[in-house]
Amino acid sequence: MKPSEYDLDEPIVAIATALVPSALGIVRTSGKGAIELVARAFSRPEALRSASGGTLVHGWVLAPAKDVAGMKQEKSEREKIDEVVLAVYRAPKSFTGEDAVEITGHGGPATVLAVYRALVAAGFRPAERGEFSLRAFANGKADLTRTEAIREIIDAKTDEARGHAADRLAGSLSAEIGEIKAMITRVLAAIGVEIEYPEDEETTHGAFDSSLVEEASARLRVLESAWAVEKMYQDGARVVLAGKTNAGKSSLFNALLKEDRAIVSDVHGTTRDWLESTADFAGIPVRVFDTAGLRETTDLVEAEGVDRSRSLAGHADLVLYLVDATAGLSADDSEFLERAYGDKTAIILVWNKADKTGALPTPAIFSAQDGAIAYSAIPCSAKTGAGIEALVAEAARLLMGDKGERDLRNVRSGAPGSERQKIAIETANAFLVHAIAAATQGFPKDAIEQDLEEALSALGEITGEVTSSDILDAIFSGFCVGK
């Protein structure tokens, strides 16, 4: 069933925590009559029915009454499923804006499932994906930006990504869009006066202020460019460790992960295939690949590993190319980088083992043999950890790009958190740019008015004031059940 087809009048129930052994398990309910339906499966029904919103009630969830010899069991005779605490919410002061009860009990999968089944037997319909959040939106408890931010928080891979999503959940993007819409509305009102009273030129002349449209457009451009930063925090990047054998790739892999994942050995060719794990580069979630050392070999297995290393590096967002500082940069190192990648992939020359006696000075800038390609060079020691912090910071800078940090700082109070939001912002700004051009070229005011109204409509899609069933289906169908 699509989210747009959900019956929002029916009371619903869902398991809100993972079905794994844990200290606590939560089952959520919401909808008209939810409190009364839970009371049917509760050992203290009157205490629940009389409970105020925002209070807790302790008791037991009971199994459905059995029909014994034509007579249904009394509550005192029914099987006790679990000792629970009920959190009671009364409309409109709940997440969904409806009456709701959240049941917190012990977290054993069998126990949580038994509680859930008892509530279904009491009259609840199993909730569909995202139905609680859809009801919150439908009942005016959250706009679409805040609703989407819920999923972003759940999916966040780093604390930085979570923080950005939390800002949107708190209303940062909604507030920014609201201010921009207010500017456009003021201009529309002024145009409306000029169109309505064309004969009163002394009063209406100059009422239309294009500077407000220009400011709104500038703020939308900032939001547009900030999407690249948000997308990096959400989707992450591929970082490949490459270099000759014994350059220290596996040691650096372990240092970046802060755990011993890769075997470290002085024997050439120890790593024959790539290893993969995740790490946090200054808030950017990255997939780090440790690859086989690059060298000529007659070993067929190792040779395959070398080919895979080249392939992985060719598809990376960033290559950390390690060189043994005691040996220095060889012609093979330069040739590998120059031939395979040029300037298509961000690269950092990692001057590893820089702490060792006899280590050569770190080049200020690494250049390929013809001098056409230049990359950062960072001294470090994968063994001691010296320089790793600087390496991660430089890696994050390259992954973000110069525009990323600049645009993120310029965002006044939020940034788009989804491709859908970014497209709507681009659409709105395109109409504003057209309106500014129309005003400059002396087009009729009603033509400018049409552009501004289209811009408002596009911005309304971001928050959900203007929406369609297709948009709702795309957003809420990706949610988990119980959210």
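A crossing of two helices is called left-handed if the near helix is turned anticlockwise from the far one by less than a right angle, and right-handed if clockwise. The views below show a predicted model, in which local features need pLDDT of at least 70, side-chain atom pairs count only at pLDDT 80 or more, and totals for chains, interfaces and linings use all residues. Residues are numbered from 1 along each chain as its sequence is written, and side-chain values use heavy atoms, with hydrogens and water left out.

**View 1. Helix α9 passes α14 in a left-handed crossing.** Helices (H or I, at least four residues) and strands (E, at least two) are DSSP runs, numbered from the N terminus. Helix α9 spans residues 210–235 and helix α14 residues 419–440; their axes lie 9 Å apart, at an angle of about 150 degrees. Axes are lines fitted to C-alpha atoms, for helices over the stretch in contact, and angles run from 0 to 180 degrees between N-to-C directions. α9 and α14 are therefore roughly antiparallel (angles under 35 degrees count as roughly parallel, over 145 as roughly antiparallel, 65 to 115 as roughly perpendicular and the rest as oblique). Residues of α9 in contact (heavy atoms within 4.5 Å) include Val213, Leu220 and Trp227, and those of α14 include Ile425, Leu432 and Ile436. The residues of this contact divide into 10 nonpolar, two polar and six charged; Ala, Val, Leu, Ile, Met, Phe, Trp, Tyr, Cys and Pro count as nonpolar, Asp, Glu, Lys and Arg as charged, and the others, Gly among them, as polar.

**View 2. Helices α6 and α9 also form a left-handed crossing.** The axis of α6 (residues 159–169) comes within 9 Å of that of α9, and the two cross at roughly 125 degrees. The pair is therefore oblique. Glu160, Ala161, His164 and Arg168 of α6 meet Glu230, Tyr233 and Gln234 of α9. The contact of α6 with α9 holds two nonpolar, two polar and three charged residues.

**View 3. Charged side chains sit over the rings of Phe132 and Trp60.** A charge sits over a ring if NZ of Lys or CZ of Arg is within 6 Å of the ring centre and within 35 degrees of the ring normal. Arg28 lies over the face of Phe132, 4.6 Å from the ring centre. For Lys80, the charged end is 5.1 Å from the centre of the Trp60 ring.

**View 4. A cis peptide bond joins Ala91 to Pro92.** Omega of this bond is near 5 degrees. Pro92 lies in the loop between β6 (80–89) and β7 (100–106).
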